[in-house]
Amino acid sequence: MTAGRLDRDEVAPARPVVRVGAPTERRNPDSVDLDLMSTRDVLTVINEADRRVPAAVAVVLDEIAETVDLAVAALRGGRRVHYFGAGTSGRLGVLDAAELAPTFNSPQHWFCAHIAGGPEAMWRAVEDAEDDDRGGAAAAAECVRPGDLVVGLAASGRTPYVLGALGASRAQGASTVLLCANPEADAASSVDVFIGVDTGPEVVTGSTRMKAGTAQKLVLNTFSTAVMVRLGRVYSNLMIDMVATNAKLRGRMISILMEATGCAEEVCQVALREADGDLKTALVALVSGAEVSAARAALARSADQVRGALALLAS
């Protein structure tokens, strides 16, 4: 056989083919001449399409709110939140989970992200990984427990890996959510909450890293931030559970204390030192006027909630 060619008697094995009918696979009438446009016009078309995404997300806020409440209940009950996705969707899940610990000092085990093809798929496409429904089911069966919340991320709403994980998770007694860009996905009836964001056809047909991906990022940002707010990791609109891992963030701690208390920078620096760098303790001490030891004890008695600690000290 000549290199790179099949012998006459050899037949290449047939590979599965699926034609997806999701809205993201349809052609966008606004971009049919995309390759003939000037650079500026290409950018304009993309930007105009992107502007429609926040409005589409606004339509599903009730479903996002329901998902937030499920996540808060799971985490308060000692359970976890899982993201299962493939390709762009999976990478966005990993990104969201990775950003929560440094932003809100959330325990690493609270949010667990799983991507079809494993860690290697973060950097390159892993062949056929998203079509492995058994792989998704096996991954869920291994780590999902009763009372967890499992969020499936699939632009088309039909990714086998994701649906396999959701089915196995539901069998395990977890609550399940599907986030996709196909409001008519068949899987909508098989999950507890369905979030179908109507982003429509992509500027480049089928390229779900564009509007569908942007919608998923917006929903995940909205969802996980609201969960942290509900769990008391925000005071007013200030991130009071952040981890100061660099000079900028150490400076932000001082700024947050100054904003929250109205105290001078020098006073806030002293309070933070006396609290051994713990922002919440310093905040409660400054706002209440209590000693650092009393502020720390009040936080411990109020499940680390600033407003709860302040109420205890006030009474």
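User: Which conventions apply here?

Analyst: The model is predicted, so local features need pLDDT of at least 70 and side-chain atom pairs count only at pLDDT 80 or more, while totals for chains, interfaces and linings use all residues. Residues are numbered from 1 along each chain as its sequence is written, and side-chain values use heavy atoms, with hydrogens and water left out.

User: What is a nonpolar core, and which residues of the largest one touch the most other members?

Analyst: A nonpolar core is a set of buried Ala, Val, Leu, Ile, Met, Phe, Trp, Tyr and Cys residues joined through side-chain atoms within 4.5 Å. Buried means under 20% relative accessible area, exposed over 50%, and partly exposed in between, with a 1.4 Å probe and protein chains only. In this structure the largest core has 33 residues, and Tyr83, Phe111, Val197, Phe223 and Val227 touch the most other members. Elements that each supply at least two residues include helix H3 (61-76), strand E1 (81-85), helix H4 (87-104) and helix H7 (211-230). H7 gives the largest share, 6 residues. Helices (H or I, at least four residues) and strands (E, at least two) are DSSP runs, numbered from the N terminus.

User: Which residues does Phe223 touch?

Analyst: Contact means heavy atoms within 4.5 Å. Leaving out residues up to four places away in sequence, Phe223 touches Ile64, Thr67, Val68, Ala71, Val81, Tyr83, Phe111 and Leu149. Another core, of 25 residues, lies apart from the largest one; among its members are Tyr235, Leu238, Ile254 and Val306.

User: How many salt bridges does the structure hold?

Analyst: A salt bridge is a side-chain nitrogen of Lys or Arg within 4 Å of a carboxyl oxygen of Asp or Glu. The structure holds 8. One network of them links Arg233, Asp241, Lys280 and Asp304.

User: Where in the chain do Asp30 and Arg52 lie?

Analyst: Asp30 is in the segment before helix H1 (39-50) and Arg52 is in the loop between H1 and H2, 22 residues apart. Their closest N and O atoms are 3.2 Å apart. Asp30 is partly exposed at 44%, and Arg52 is partly exposed at 46%.
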